[in-house]
Amino acid sequence: MRADRLVSLVLLLRQRGQLTADALAKELEVSPRTVLRDIEALSAAGVPVYAERGRHGGYALLPGFRTELTGLNNDEALALLTAGSRPGEQIFGLGTALASAMRKIVDALPEGHQVAATNAAQRFLVNPETDLLSRRLSQEELPDATLMVVRRAVLAGRKLRIHYASRGQPPQWHTVDPIGLVTVRDKGYLLATESGTDRTMRISRIHAAEELVEPAQRPDQVNLEHIWAQRCAEFLSEGHISVQVRVSPARRDDLLDMAEAVRGEEAEPDGWLRLEVTFQDLWHAEWALWQLCTNAEALAPPELRASLHARADAVADRYRATAEPDPN
């Protein structure tokens, strides 16, 4: 770990020039005292780090010093810099490692291309915090120590003991065989088995984790995409409701944001779209379609149409009563 931090320290000084001990400590997520010890170690190893005294002082490298990393062209570096802005590194607790890797990628480029690659990466934005309607996108958080245990067990192929809270239930301890980690729409999942039964567990609901010495019971090779597709199909077949709906194209994305899944879609002659979507239950479907007002129409099942009709009648009666003129 310290060797990686020393490399990151050198790259920070190369790319940003003179930095204070406090600024370096913030970037490396260590204390200023640790930074001073690391700088002494670098100097002892022959890296030309020098201190600039005074109010605007800090630490810097002698001009011309360079670490050599080769093998990346401009497009490869740009692809990695862009991919680094995706949310997976936060969900899986890899944010600090990603920052270190990005510094190494930039430093690997020829000196004349470093600024160009960094500027090009700034032209791409992947998954910002809010959408066009200023709705903040939720991002799940988990303590780094817990994430590290989960991630290590997945990669090492060892059993996990986790304190996990299923929806609407208090947390309980489970011993699982981890298969892999998946991130979908800013949510992270642990795919595992428990006593031979498939388990798909939200990472945000893991309160604590312990890696066991016992090897996990799982195949050596895994196709996570295939397993995820199977888990999705099983999830949608249990306790969910399928709804046929007509929707204005302008509100299609709003409908999909509220639905669990889309099973079919086709355009109609009048320009509207006919979709088959899945909701958690009848109440969820009624709530979602009510948000779309006259921009959507439930076609099936009949009980959903009836519940929406009853809700519309109740609202109309409420406002009709207040709109009636006073007979006096």
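Is R16 buried, partly exposed or exposed? In this predicted model, R16 has a relative accessible area of 48% and is therefore partly exposed. The side chain of R16 meets that of E27 in a salt bridge, with an N to O distance of 2.7 Å. This pair links distant parts of the chain, since R16 belongs to helix α1 (residues 2-16) and E27 to helix α2, 11 residues apart. E27 is partly exposed as well, at 31% relative accessibility.

Helix α2 spans residues 21-28, and its buried residues are A21, L24, A25 and L28. Viewed down the axis of α2, these buried residues fall within an arc of 100 degrees, so they line one face of the helix. An α-helix has 3.6 residues a turn, so residues three or four places apart point the same way. D22 and K26, on the other side of α2, are exposed.

Salt bridges in the model number 16. One of them joins the side chains of R152 and E211, at 2.6 Å from N to O. Because R152 is located in helix α8 and E211 in strand β7 (residues 206-215), this pair ties together parts that are 59 residues apart in sequence. R152 is partly exposed, at 40% relative accessibility. Helix α8 (residues 144-156) also contains L155, which is exposed at 70% relative accessibility. The C-alpha atom of L155 is separated by 8.8 Å from that of I179, 24 residues away along the chain.

A further salt bridge is formed by R246 and D270, whose closest N and O atoms are 3.1 Å apart. R246 lies in strand β8 (residues 241-247), whereas D270 lies in the loop between β9 (261-267) and β10 (273-279); the pair thus links distant parts of the chain, 24 residues apart. R246 has a relative accessible area of 15% and is buried, the cut-off for this class being under 20%. Through shared partners, salt bridges join R246, D270, E268, R274, E297 and R305 into one network.

Strands β1 (residues 49-52) and β2 (residues 58-61) pair in the antiparallel sense, with 4 bridges. Within this pairing, A51 has Y59 of β2 as its bridge partner. The hairpin of β1 and β2 has 5 residues between the strands, and G54 in this hairpin takes a positive phi near 105 degrees.

Positive phi values also occur at residues other than glycine. S195 has a phi of about 55 degrees and is placed in the loop between β5 (187-194) and β6 (197-202). With 73% relative accessibility, S195 is exposed. C293, likewise not a glycine, has a positive phi of about 55 degrees. The loop that holds C293 runs between α11 (282-291) and β11, and C293 is exposed there, with a relative accessible area of 56%.

The peptide bond from A300 to P301 is cis, and its omega is near 5 degrees. P301 is found in the loop between β11 (296-300) and α12. Helix α12 (residues 302-323) includes V315, which is partly exposed at a relative accessible area of 35%. Together with W290 and Y319, V315 makes a nonpolar surface patch of about 300 Å².

Definitions and conventions. Residues numbered from 1 in each chain as written. Predicted model: local features only at pLDDT ≥ 70, side-chain atom pairs only at ≥ 80, totals over all residues. Heavy atoms only, no water. Pairing = 2+ DSSP bridges. Helix = DSSP H or I, 4+ residues; strand = E, 2+ residues; numbered from the N terminus. Patch = residues over 30% accessible without salt bridge, like charges linked within 9 Å, V, L, I, M, F, W, Y side chains within 5 Å. Areas by Shrake-Rupley, 256 points an atom, 1.4 Å probe, with all protein chains shown as cover. Salt bridge = Lys/Arg side-chain N within 4 Å of Asp/Glu carboxyl O. Buried < 20%, exposed > 50% of the residue type's maximum accessible area, 1.4 Å probe, protein only. Arc of directions from axis to C-beta.
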